[in-house]
Amino acid sequence: MKTSGDKIIRIHKAREYRAVVSNKLIQDALLPQLTSLEYRVFLYILSLVKPPKDASDIQAVEYNFNIGELCDVLGLCSASGKNYNSIRKAAKNLRDKSFWLDKGNENYVTVSILAKVWASRASGNIRVKFDEDITPYILNLIENTTRITLIYTLRMSSSYSFGLYLLCRSYAGIYNFSIDYASLRKKLGCSTKYPYFCDFEKRVLNPAMNDINTYSDIIITCSAHRDGYSVSSLNFSIKEKKSLEKYQTAAANSTALDVHLDLHNA
């Protein structure tokens, strides 16, 4: 039996959900190094967030999702036990990986993205709760947010692509920004990898930019600023794709992600 039309509509609708996160969390905090799957799960959970009625609600906000449905949204085969285990592990890692969050006045606290993860083996459901220290950054209680439509991220191939996309998306209203080269390497989790810029450019920067320009809703270009022979900073220019280009990109992404929908229901 093929995937029903109603289910396909529901899956496509979920891919159009938007994840909203504070620019400050992206630009100023050193988020943990996530894998591409962990980024996908993180953004999907973010897309489930609904703003609370008031600030007093933020302590107990929890979200539920089904692993099989998430597999369909991500373009993974939901019949695969390996994919189920990988998503459970990704959710656990969002709980286990910690980072420093700047609380102001030179005060820092260690936090993780998720405070708790509950998993049901029988139903395939997962329930999560965000760390209370970062909930203000994801519940629209802090101004200047980045809005990310899932469909423009789901085909990115590496964690570098996700990290760079989030950073560039947070500056999209400004259209260009400069960042210290060492700071960018740290943000992308490759401070100790590819010490020469030519290797960083080949292994990290160019593949990430290609992913972003091909699969996302923006086009970015980059130029390096040098002090002598050494690269000191990178300047990124950001251009929003036109409406038709965004539609074509989203349609191509969704078609590619749909490949498993008939396969595991055939």
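**Salt bridges, a sheet and a buried tyrosine**

Good morning. The term salt bridge is used here for a side-chain nitrogen of Lys or Arg within 4 Å of a carboxyl oxygen of Asp or Glu. Helices (H or I, at least four residues) and strands (E, at least two) are DSSP runs, numbered from the N terminus.

A word on the source: this is a predicted model, in which local features need pLDDT of at least 70 and side-chain atom pairs count only at pLDDT 80 or more, while totals for chains, interfaces and linings use all residues. Residues are numbered from 1 along each chain as its sequence is written, and side-chain values use heavy atoms, with hydrogens and water left out.

Are D258 and R15 buried or exposed? Both are buried. Buried means under 20% relative accessible area, exposed means over 50%, and partly exposed lies in between, with a 1.4 Å probe and protein chains only.

How many salt bridges does the structure hold? There are ten. Side chains of opposite charge can pair when their charged atoms come close. Another of these pairs is K97 with E38, again 2.7 Å from N to O. K97 sits in the loop between α5 (81–96) and β3 (98–104), and E38 in helix α3 (residues 36–47), 59 residues apart. K97 is partly exposed at 24% relative accessible area, whereas E38 is buried at 3%.

K246 and E240 form a further salt bridge, their closest N and O atoms being 2.9 Å apart. K246 is partly exposed, at 23%, and so is E240, at 27%. These two residues also belong to a network of salt bridges that includes R169 and D217.

Helix α3 also holds Y39. Y39 is buried, with a relative accessible area of 6%. Which residues does Y39 touch, leaving aside its neighbours within four places in sequence? They are L34, S159, F162, G163 and L166, where contact means heavy atoms within 4.5 Å. The C-alpha atoms of Y39 and T153 are separated by 9.1 Å, although the two residues are 114 places apart along the chain.

I turn now to the strands. Three of them form an open sheet in the order β8-β10-β9, with antiparallel pairing; two strands pair if DSSP finds at least two bridges between them. Because β8 (176–180) and β9 (218–227) each have a single partner strand, they stand at the edges, and one side of each is left without a neighbour in the sheet. From one strand to the next, the twist averages 20°. Five bridges join β8 to the antiparallel strand β10 (residues 230–240), and N176 stands opposite S237 in β10. Helix α9 (residues 197–215) packs on this sheet, touching β9 and β10, and its direction makes about 160° with that of β9. For such angles, axes are lines fitted to C-alpha atoms, for helices over the stretch in contact, and values run from 0 to 180 degrees between N-to-C directions.

Finally, strand β1 (residues 18–22) is mostly covered, with four of its five residues buried. β1 pairs with strand β7 (residues 145–149) in the antiparallel sense over five bridges, and there V20 has R147 as its bridge partner. Thank you.
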